[in-house]
Amino acid sequence: VSEGEFFVFLPEGPGPHPVAFVVHAWNRDASWYFQTAVVQAFTERGYALVLPNGVDQDWGVENTWSSGRDEVAYLREVVTTSQALFDLDPARYHSHGFSVGASMVWDLMCREPALFHSHAPLSGSFWTPIERTCTAHPLVLRHTHGLDDDVMPLEGRAFGGGQGQANVYDGLAFWRDQNQCSDSTHQVVQD
């Protein structure tokens, strides 16, 4: 694609295949997943794995340091190009990200919610301020976060220059309001 590279791993058998679209963490790149059981875990279950690559092992998440490219436009191009090149089911793209990759998924949910059927960010959310205008579209969201996460704390944290990780609970309240959900439609599970 014009602003970067991405990798695709396909399952055996004919398509169209559902897609796990996985956005890597900070200080990593897409190749981080090549060295784990992630590829096998998805492809053995019939999923194609699409792995976009950030700039210099990072993502230019909204309200953070810029990567020099429009990350959402790049990720949109990865989605459309992967659909054009491979037998992938556009109705079954599922986004996932870890840490700052999860924050990138939150930006995708805001700016391009119709690109994905569902979203499963892990340990990342909006950066401050949360107040933003998002494209109206119902979301399927399953956010997972550790209670003792000291890198992306649930309560958020501030950095220099007025930047910071937002409180995850405030972010989830934003999405409940955005999707016009009642408070009874969410569940917090503590183990």
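Predicted model: local features only at pLDDT ≥ 70, side-chain atom pairs only at ≥ 80, totals over all residues.
**View A. Extent of helix α2 and the cap at its N-terminal end.** Helix α2 comprises 15 residues, spanning residues 71-85. From its first C-alpha to its last, α2 reaches 21 Å, which is close to the 21 Å expected at 1.5 Å a residue. The N-terminal end of α2 is capped by Asp70. A side-chain oxygen of Asp70 lies 3.2 Å from the backbone nitrogen of Val72.

**View B. The buried side of helix α2.** Seen here are the buried residues of α2, namely Glu71, Val72, Tyr74, Leu75, Val78, Val79 and Ser82. These residues lie on the same side of α2 because they cover an arc of only 160° around the axis.

**View C. Pairing of strand β4 with β2 and β5.** Strands β2 and β4 run parallel and are joined by 6 bridges. Within this pairing, Phe21 has Ser95 of β4 as its bridge partner. Strand β4 is also joined to strand β5 (residues 118-122) by 5 bridges, and these two strands likewise run parallel. Here His94 stands opposite Ser118 in β5.

**View D. The β-α-β unit.** Strand β4, helix α3 and strand β5 together form a β-α-β unit, which is right-handed.

Definitions and conventions. Residues numbered from 1 in each chain as written. Heavy atoms only, no water. Helix = DSSP H or I, 4+ residues; strand = E, 2+ residues; numbered from the N terminus. Expected span 1.5 Å × (residues − 1). Buried < 20%, exposed > 50% of the residue type's maximum accessible area, 1.4 Å probe, protein only. Arc of directions from axis to C-beta. Polar contact = N/O pair within 3.5 Å; in protein donor to acceptor, adjacent residues only side chain to side chain. Pairing = 2+ DSSP bridges. Right-handed = clockwise from strand over helix to strand, strands pointing away.
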